[in-house]
Each structure stands twice: as structure tokens, then as C-alpha cells.
Amino acid sequence: MPRRCETITPNATVPGVKMSPSDGSPLDLRDYLSILWARKWIVLAIVATTTTAALLYSYRQTPVYTSSAEVVVLPARFDPTQPSAAFGLGLINMATEQQVANSAPVAQLASRHLAARGLQPGSMSVTSIADTEALVFTASSSNPESAQATADAYANAYLELRRDSVLSELEDVRRPYETRIAEIDKEARELALTIPAISDEAQRGILTTRYGALLTERATLVEKLNDFIPPDNVRVGNVVQSAQFPSSPASPSHVKDVGLGLIVGLALGIGMAFFRDRLDERVRGRQELELHSGAPVLALIPHVPRLDGSLITTRDPASEAAEAYGALRVRLMQAAARHRFKTVLVTSSLPGEGKTSTVANLGVALAQEDRRVVLLSADLRRPRLQVYFPAGMGTGLTDVFSGKRTALEALSPTAIKHLWVLHSGNDLAARSPLQLLDSAAMEKLLVTLRNFADIVLIDTPPVLTSPDVAALVPLTDGVLFVADPGRVQRPMIEAARHEFEVLGAPIIGVVVNNYDPRRFRTYGSGYYAYSDRNQRNGPSQAAASSSIVPASQPLRPAESQFEGRQPDS
């Protein structure tokens with residue numbers, strides 16, 4: 001009697017397997033690069049879109065020309081011997097001067113100068129240079145001539161208004177002296193007319209003394225008045241650099257706009273890549289698959305085109321895929337020799353993941369090593385083994401269940417030595433598949449096949465879509481789980497694992513079908529993956545090394561589930 005499978009230890013994990021990014025562990029650089037490489041077309045599409053949009057926007061903008069004039073502001077000094085607090089050397093308030101330069105009177109005066117030349121004023125900004133007494137007048141306009149003229153007009157208007165203001169203040173300072181001199185001159189003239197007519201010597205002496213004092217005071221006032229800077233010599237500032245004619249527009253800058261679009265596109269593209277990656281439930285690497293399935297990956301099978309039902313192991317035995325199936329055979333037989341199991345149930349989470357092709361090619365690989373192999377088509381709802389091995393006389397499981405033939409009589413030989421197929425049969429509508437598989441006849445059939453063959457591979461429906469697997473699991477020694485990373489998602493693998501745990505089915509290992517090294521990450525630490533080094537060693541060696549765990553490494557945790565079993569008697 002076949003032994004019933006023991007229950008998987010709950011929450012078993014693969015030793016040495018790192019948590020996947022989806023399970024909260026920190027991403028390393030390789031994970032980031034792998035995600036970006038997998039989503040590179042999203043990133044490139046967004047970058048191309050933003051860059052093109054930035055370029056179109058840049059070329060649709062009206063060119064703007066800028067020109068600048070630089071003015072050095074000089075302090076106003078009226079009395080060289082006693083500088084005033086407001087106009088002393090080094091006491092220029094540049095913030096105030098900047099506000100004056102930006103004032104409406106300066107703009108009105110500059111506009112009149114430009115209007116005289118028939119030009120429209122451009123926009124103006126005035127800034128001060130730190131730690132200096134210089135102002136920079138920068139004009140912007142769609143007309144380069146207007147930009148140049150506006151900068152010069154504002155600079156000259158500022159100096160003109162500042163000079164008028166300083167001259168007005170200078171006049172206010174000179175006015176008291178000039179008024180007093182005028183008063184002295186008037187009084188002196190009157191005394192000059194009066195003194196000759198006075199006959200009293202004493203009175204004449206007093207008036208003469210007064211006259212002399214007035215002349216002395218006048219001389220002093222004139223001397224002080226002459227110490228002030230003459231109005232014609234007042235300097236309030238210089239245009240040290242006139243505005244230059246702009247030969248090219250300052251904006252838009254096509255290079256800058258394209259660069260900004262590129263940066264924004266990269267940021268959006270990378271963000272979208274990681275966002276899509278977070279939403280993607282597909283299995284993205286060997287570590288994730290082993291983590292969620294609870295079993296080691298035994299082989300990585302490359303994509304094999306379907307050609308009229310021919311098998312890659314017979315059509316091209318030297319191909320990478322055939323070598324990968326050979327490596328799976330080696331790994332499976334190592335586990336079989338250690339734990340003496342013979343019946344292996346092969347299933348998957350969903351239809352179309354390649355479980356039937358795995359059964360067929362693995363059966364051929366085993367038979368080519370002189371193993372007696374029986375392939376059992378237990379997928380009674382959608383049998384597919386006849387695609388690779390024609391049913392011949394049409395006999396199969398239903399004939400055994402009905403008593404028309406014994407199990408060995410229902411076996412169909414194949415062109416491969418040591419390989420037989422037990423098809424599902426023709427009369428599949430008589431009883432439900434679940435009733436047929438969950439019966440004493442099925443248990444007896446498996447006992448017969450175990451005694452006949454070295455190994456029996458059972459092709460079953462997907463575990464998540466059919467209850468038939470639940471009927472077969474207790475009758476078999478272990479489960480070989482097939483997963484296509486391009487189809488199956490993490491929740492489906494976890495659901496399948498849960499089903500196996502409930503049924504007490506030990507998973508021998510996982511076979512990755514349609515393996516693409518660009519989308520499915522592998523890792524080191526004893527495991528071999530497709531790599532540049534392997535490719536240089538040749539396709540056969542690369543496929544072999546990429547497909548199995550080294551023989552020296554024990555199967556975990558699947559092999560541990562066989563511990564305590566006794567070999568068949």
C-alpha cells in the first residue's frame with residue numbers, strides 16, 4: 001500500500017533564503033537595479049514624454065533678450081572738512097538707492113527718453129552687488145534693441161534724478177550763507193554812504209568799526225561758501241558698464257528646459273517603476289518563489305516553443321531546455337534514492353503553466369537513463385498527455401476502473417525505451433473524475449504501477465482549480481510543483497502551499513517553467529544561475545548549471561518532510 005504523505009511543518013521556510021522585497025526587508029542596490037531594468041520601458045516612455053513636452057514648450061516660448069548696465073554710486077560731499085551724516089563717505093545706504101532706482105519717477109523719466117527714440121520700454125529689475133556701492137540695471141524685452149536701450153535709459157535716468165536731488169540739497173546748504181552775504185552787502189553799502197556825511201568823529205569811528213566787522217564777516221562767509229563743492233562739479237555716480245547689445249536670447253534656454261524635462265521624467269519614471277513593482281504580484285525571483293512555496297527550486301526551464309507536440313528532450317537533446325530537464329532528473333533521482341519514493345504528483349497553481357510538458361520531458365529524461373517510467377494522465381477533465389504521446393488504442397484509466405483491462409494492460413508503450421503512458425481513457429463521462437480518483441481502484445492501480453516502474457509521474461489538474469488533487473495527494477509520495485513566473489502570482493502560490501499543508505503533501509521541489517533571466521532573478525550562495533560566465537562556457541553547461549541546486553546541498557525543506565519514512569519493503 002502506498003504511504004500517505006506527512007504534513008508540511010507550518011510556516012516552514014527555506015534556510016538561507018533572504019526575504020523578498022515584497023515582505024518588508026530592505027532593498028539592496030541589486031534589487032533596485034533589477035526593478036528598474038524590469039520596468040525600463042515605463043521609465044523610458046515617461047522620460048521621452050516629459051523631455052518632448054519640455055522641448056515643445058521651450059520652442060513655443062517668445063525669445064526674451066536681456067541686457068545690463070552697471071552704475072557705481074558715489075557719496076555726495078558738500079564740506080570736505082565736515083562730512084554730513086547723510087552724505088558722508090562710505091555711508092551710502094544701498095538698499096535705499098535700490099528702491100530709488102526702482103521708483104516710478106525713474107521709470108517715467110526713462111520712458112520719456114525711450115519714447116524720444118521710438119522704443120517701447122522693457123521690463124526692468126535693479127539689484128545691488130553685495131559689499132559694493134554698485135547697482136546693476138537689467139532690462140528684458142522681446143526686442144534686443146529695446147533691452148539694451150531700456151537698461152541704459154534707466155541707468156541714466158537714475159543718475160539724473162539723483163544729481164537733481166543732490167543739487168537741491170546742496171542749494172539748501174548754501175542758501176543761509178548766501179542770504180547772510182546779501183544782508184551784509186546791503187548794510188555795508190548803506191554804511192559806505194552814511195560814514196562820509198557824519199561830522200561827529202566818535203560816531204564816525206563807531207560806524208567805521210561796524211563797517212570793518214561786516215567786511216570781515218563777509219570774507220569769512222565767502223570763504224566757507226567757496227569750500228562747498230560747486231554745483232557743476234557734483235558727481236553722484238558713474239556708468240561703469242553700458243548695456244551691451246544681446247546677440248542671443250536669454251530665455252528660453254532649450255538645453256536647460258530639456259535637462260529639466262529629463263530630470264522630471266527620470267524622477268516620475270523611477271517613481272512609477274517602483275509603484276508598479278509594488279502593485280505587481282508576480283513572482284520576480286527565485287528567493288520569492290522559494291519563500292512563498294516553502295520548497296527549493298529544482299530547475300529553471302527556459303521557454304520552449306511548441307512545435308506540433310514534439311518534445312525538446314527528443315527533438316534537440318543538446319539544447320539548454322533539454323539540459324535543464326536532465327538536471328531536474330538528476331536532482332529528482334537524488335531525492336528518490338534517499339527517501340525511496342516512486343509516485344510523484346506534478347501540478348501547478350493555474351492552467352497553462354507547463355505541468356504536462358514538464359511531466360512529458362522529465363519522463364523522457366528519466367527513461368533515457370534506463371529508468372522504468374510510467375506517465376499517468378490523471379487530469380480527467382482536460383487530459384493533455386496525448387498531445388505528446390498519442391493514445392493509440394484509446395485505452396486508459398477508465399478501462400482499468402471499469403474492469404475491462406488491468407493496469408499493466410492499459411499501459412501504452414512509446415517510442416522511448418522504458419517509457420509507458422497510462423492515458424485517461426475515452427469513457428470520461430460515466431462517472432465524475434473526483435469519484436474515479438478518490439476510489440479504492442485508484443489506490444490499487446498506483447500500487448501496481450509502483451511495483452512495475454522505477455518512478456511514476458502523475459499529471460494532475462491545477463491544485464487551485466480542481467478538487468481532484470486532494471483525492472490523489474494521500475496516495476502519492478510527494479508533489480513536484482510547476483510555476484510559470486509570467487503567469488502565477490504570489491497569492492496563488494501561497495494558496496497552493498496552503499492546500500498542500502492542509503492535505504499533508506510534502507513538496508519535493510519547484511520547477512520554474514518559461515524561465516527568463518531578464519525577468520526572474522536568481523542568486524548565489526550555492527545556487528547557480530544563468531550568467532555571462534555560464535554563457536561563455538557554452539549553452540549546455542550554462543543550462544545544466546542554471547537548473548539545479550548542487551548535489552552536495554540537501555533538499556530543504558521538502559526533503560525534511562520525508563524524514564522518518566521507511567523504505568518500501
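Which strands does helix α5 (residues 144-194) lie across, and at about what angle does α5 run to β1? The views below take up this question for a predicted model, in which local features need pLDDT of at least 70 and side-chain atom pairs count only at pLDDT 80 or more, while totals for chains, interfaces and linings use all residues. Residues are numbered from 1 along each chain as its sequence is written, and side-chain values use heavy atoms, with hydrogens and water left out.

**View 1. Helices α5 and α3 against the strands.** Helix α5 lies across β1, β2, β3 and β4 and runs at about 20° to β1, where contact means heavy atoms within 4.5 Å. Helix α3 (residues 94-101) lies across β1 (65-73), β2 and β3, at about 30° to β3. Axes are lines fitted to C-alpha atoms, for helices over the stretch in contact, and angles run from 0 to 180 degrees between N-to-C directions. Helices (H or I, at least four residues) and strands (E, at least two) are DSSP runs, numbered from the N terminus.

**View 2. The open sheet of four strands.** The strand order is β2-β3-β1-β4, with antiparallel pairing (two strands pair if DSSP finds at least two bridges between them). Because β2 and β4 (237-241) stand at the edges with a single partner strand each, one side of each is left without a neighbour in the sheet.

View 3. Six bridges join the antiparallel strands β2 (residues 123-128) and β3 (residues 134-141). T127 stands opposite V136 in β3, and M124 stands opposite A139.
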